[in-house]
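Here is a short report on one model. Look at the fold first, then read on.

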Amino acid sequence: MIYTIAIDGHSSTGKSTYAKSLAKDLGWTHIDTGAMYRAITLYGLINFNKGHSINEKKVIAALKNIHLKFIYNPITDTNDIYVNDENFEPKIRDLKVSESVSTIAKIPEVRSFLVEKQRELGKSESIVMDGRDIGTVVFPNADLKFFITASIDIRAQRRYLELKNKSSIITYEEVKENLIKRDYIDEHRILSPLKRAEDAYLIDNTFLDKEQTYHKIKQIVISKL
Ligand code: C5P
């Protein structure tokens, strides 16, 4: 039996962390679809940078030459994303990528390219996949769906601390502004906008820490699967 769990939600709610822990506990594979959109964006920034933006036409034309894969990294215990055999993981969460990713994720050709890959990845094994449209578009028949959200201030605070710990030179205001912009673009795009699937469990972790949030998710998984 192959199972699929979809975890969608807003940026910086810890989706990927919970998806990763859940996959580990279940012995399944974790797929972070945000990493896939970020990898395409970084590829665009490297190869088709127009100064303040990325040449979208060139990104679309290059898709056929982009080979994405995840490879487990035992040192960091993460599934690192590779583009044409180069490890993109160390740079995909830089602010430069975060600033452009939602614009690249709006491009229909990019979405269909990645959605097809995501469906392929879920064909042969049980997965926990996190993103924005997993329960609504990629796997509308997923066995279990979650939608995670939290207030903008708490999300900005968490993301700011995370980036500061990685010694990024960034202010809280810059982080918050980036989250607000990304939320807006993600929620208002025409193709597969960020929204809660009707049958997704809603988890607001504004007042919950990591352990409490994960406990809540785990309880639902145990009772429903
Ligand atoms: O999850 P993460 O914050 O890394 O995602 C980065 C961006 O990629 C999101 O802000 C969104 O624009 C895009 N994305 C998407 N659909 C997904 C996953 C991510 O549009 N399934």
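The notes below cover a sheet, a ligand shell and a helix pair.

## Basis

This is a predicted model: local features need pLDDT of at least 70, side-chain atom pairs count only at pLDDT 80 or more, and totals for chains, interfaces and linings use all residues. Residues are numbered from 1 along each chain as its sequence is written. Helices (H or I, at least four residues) and strands (E, at least two) are DSSP runs, numbered from the N terminus.

Three strands form an open sheet in the order 3-4-5, with antiparallel pairing. Two strands pair if DSSP finds at least two bridges between them. Strand 3 (68–73) and strand 5 (86–87) are the edges; each has a single partner strand, so one side of each lacks a neighbour in the sheet.

Six bridges join strand 3 to strand 4 (residues 78–83). Phe70 stands opposite Ile81 in strand 4.

## The ligand shell

The ligand is surrounded by 13 residues (C-beta atom, placed from the backbone, within 6 Å). The closest are Gly34, Tyr37, Ser102, Ala105 and Gly131. Helix 2, helix 4 (95–104) and helix 8 (172–188) each supply at least two shell residues. Helix 2 gives the most, with four.

## Helix 4 and helix 8

The axes of helix 4 and helix 8 come within 8 Å and cross at roughly 20°; axes are lines fitted to C-alpha atoms, for helices over the stretch in contact, and angles run from 0 to 180 degrees between N-to-C directions. That makes helix 4 roughly parallel to helix 8 (angles under 35 degrees).

Leu95, Ser98, Glu99, Ser102 and Thr103 in helix 4 meet Asn178, Arg182, Ile185 and Asp186 in helix 8. Contact requires C-beta atoms, placed from the backbone, within 7 Å.

How values were computed:
Angles under 35 degrees count as roughly parallel, over 145 as roughly antiparallel, 65 to 115 as roughly perpendicular and the rest as oblique. Two residues are in contact if their C-beta atoms, placed from the backbone, lie within 7 Å.
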